[in-house]
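User: Can you walk me through some contacts in this one? I have it open and will ask as we go.

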Amino acid sequence: MEKNERETPLIWIPGRDREPEAPAHEEQEFTIPRELPLLPTRDVVVFPFMILPLFVGREASIKAVDEALSRDRLIFLATQKKAEIEEPTPKDIHQVGTVGMIMRMLKLPDGRIKILVQGLAKGKIEEFTQTQPFYRIRVSVLEEPGIKETTLETEALIRSVREGLEKAVSLGKAITPDLVVVANNLEDPGKLADLVASNLGLKVEDAQQILETLDPVERLKKVAQILYREIELLAVQQKIQTEAKEEMGRLQREYFLREQLKAIQKELGEGDEREEEIKEFEEKIKKARMPKDVEKEARRQLKRLAKMHPDSAEATVVRTYLEWLTELPWKKSTRDNLEVKTAKKILDEDHYDLEKVKDRILEYLSVLKLKRTAKGPILCFVGPPGVGKTSLGRSIARALGRKFVRISLGGVRDEAEIRGHRRTYIGALPGKIIQGIKQAGSNNPVFMLDEVDKLGTDFRGDPSSALLEVLDPEQNHAFVDHYLGVPFDLSKVMFICTANIMDTIPSPLLDRMEVIEIPGYTEEDKVAIAKRYLIPRQREANGLNGENISFSDGAIRKIIRLYTREAGLRNLEREIGSICRKVARRIAEGEKGPFKITVKTVEKYLGSPRFHPETEALKKDEVGVAIGLAWTPTGGDIIHVEATVMPGKGKLTLTGQLGDVMKESAMAAVDYTRTRAQQLGIPSDFYYKHDFHIHVPAGAIPKDGPSAGITLAIALISALTKIPTRKDVAMTGEITLTGRVLPIGGLREKALAAKRAGIRRVIIPQKNLSDLADMPQEVKKSVTFLPVEHMDQVVEWALKENPLKEKDPLEGVLAEGEKEEK
């Protein structure tokens, strides 16, 4: 508010015992005319008996003010619905407003005018009678319903609002004491509501809603709700301010006491904590045996710390940085166990088979024995889950006599997780590589990077690119973490990565690693591992011993065949653990052992079998169904490809969530069949008279890959020729348009899957014969591999009746195991 020559009260209430002295025109009674000029206000709602200054700048508004001053000084004040509208239309103005009187007017140098207006009565816009050069409106005065007698509820509401107003003032609300006095003398609920609402600083929407409420009691209720919400906000605000002041006071008090303590220590001749901290860091820097450049940086940071206030935020950052520098093992290494025979014994104790991996570790150990400065190898173990990749890393560390560190990279998307955060960030830390080195306490640990195939990438950077420097022997001797800012030698670290598949590993990263594939285990391997490792471990975990429980070989085989379906050993160990827990419960309940787990008692502990290998192979020779072999991250599996032929116009339907590669293989199979239709005994116009549907069951599982081509073709040829496929023959291989069979990958896993399913013959590409050298002898004995170069050979081997030749091609072809049975 602005003070004029004569002070004007904020609120003038007619009928008070002591009314303020007012200008002559205020003491007169006015008859409000039907038509008035309109002054739209932007961000204020004017209530009756409210006096306030307004700045008027719009040309139309200035003309409306001039019109009012030239007549009876009366003008209608209505609020705009949106304050940002420069030229409001009738739709942009609230219908309910206040008839006001212009008490004073002052022209400003910038062309605007300042007026002092007083609200007289509520009114409503009936219609706009003029729009140019200013708005003129027809107004109807809104009369409030009178109150015949004051009820207890109304009296309580009035008192509540008065007390709330006093409470708001006590909490710091900017309300003059005179206003509280006026409110305490008001008995009219409507005028009290207008008085409080006009001084609470309400939002335009809330104030307009109160203005439009004619019932005085109802209006006072709304004001009371808003008032008490404002009191709650003021209370919270005061609490925050008090806590802030208390914290400032505490810090000042602590600073004062700390300075006093320093003065006392100085008088007593005791050392300063700050000086002691600097000396302690100097000793740590000497003991750390850092490289010269790193030591130079550490001493530079120590000098900075000595000049800083010990309680400053920057001092805390430098102090933490120096702690990291001095605690890293710059020259600290563990002594390697260079006895090759001892290391081999440890590896054989911990893991069964895995000869390739063991040979590579022993080779490195032999080189290290001859040349102590040999760089650590960077290996990548690739294989399905549960084959022992992670535990193998721990076993390698034990064999070498080194510390073992493991970090999981699965789901890591931030480059800073590898390289660290820069020290400018709050809470910055080194990356996981440096953290692992510190955790190991030596600069030559066995460092396992688990799940390297599951690294992510997003806007925060590419962690796989950050790993390029870590896993490059030509660069990692000077690895710079963003937090440290100085090089650290990682060349002595033996990095071992693990992955389930190589496809998702970026090629530059894969190029830096020596990949060793760890395929799934055969049944014989699993039996041996269960007897040597899994059963003893589960006995110990469940408080049992060899006298309490024993497993027969037949029971272990039954668990492997009927209760697990995996390339690794995790589910097998779970099932063995389940049996051990049930036996432990029986012993705890008082039963006496020993408990022998045999083929007959397995179902008693594990329930009905979950898998039935004999049902995976076909029970009989069927038309239009071929058995294919698939590779999955968890090992091999078999798939049944079904094909049907029906009258139509050559439409090909593919179902079973097939990927693009499999769809292309299916098209190649159809075209091969069309080119060889005559030799196969199929009518040459079959394509134009039939529709074809090829389906791969388990439609909820996405399928793709290049090795299903010959399986799709055999299923289609069988459906067209009505010749059934052989139930004991599975196949894998890609097909070209000319019928050539191309090589595939994952043959070992696929062969193991065929053996598990009871399939005795497997058709493979001729170029995959070299892979049989790594095939377990157990598989070779029970599965016959039939190499082919052309699709015609596949037709001969796979169909029950050969449409190309008279002779049965499988006659006299037996696996080694079948020969023994013969």
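**Salt bridges and a strand**

Analyst: This is a predicted model. The salt bridges in it come to a count of 38.

User: Ok, which residue does Glu514 meet in a salt bridge?

Analyst: Arg360, with N to O at 2.7 Å. Glu514 belongs to strand E13 (residues 514-517) and Arg360 to helix H11 (residues 355-370), so the pair ties together parts 154 residues apart in sequence.

User: Is Glu514 buried, partly exposed or exposed? What's the number?

Analyst: Partly exposed, at a relative accessible area of 32%.

User: And what does Asp621 form a salt bridge with?

Analyst: Lys800, and their closest N and O atoms are 3.4 Å apart. Asp621 sits in the loop between helix H21 (613-616) and E16, while Lys800 sits in the loop between helix H27 (791-798) and helix H28 (816-821), 179 residues apart. Asp621 is partly exposed at 26% relative accessibility, and Lys800 is partly exposed with 41%.

User: What about Arg676 and Asp792, how far N to O?

Analyst: 2.6 Å, in a salt bridge between their side chains. Asp792 is in helix H27 and Arg676 in the loop between helix H22 (660-675) and helix H23 (686-689), so this pair ties together parts 116 residues apart in sequence. Asp792 is buried, because its relative accessible area of 16% is under the 20% cut-off.

User: Switching topic. Why is strand E16 largely enclosed?

Analyst: Six of its eight residues (625-632 is the range) are buried, so the rest of the structure largely encloses E16.

User: Which strand does E16 pair with?

Analyst: Strand E20 (residues 729-731), in the parallel sense, over two bridges. Gly628 stands opposite Met731 in E20.

Definitions and conventions:
Residues numbered from 1 in each chain as written. Predicted model: local features only at pLDDT ≥ 70, side-chain atom pairs only at ≥ 80, totals over all residues. Heavy atoms only, no water. Buried < 20%, exposed > 50% of the residue type's maximum accessible area, 1.4 Å probe, protein only. Helix = DSSP H or I, 4+ residues; strand = E, 2+ residues; numbered from the N terminus. Pairing = 2+ DSSP bridges. Salt bridge = Lys/Arg side-chain N within 4 Å of Asp/Glu carboxyl O.
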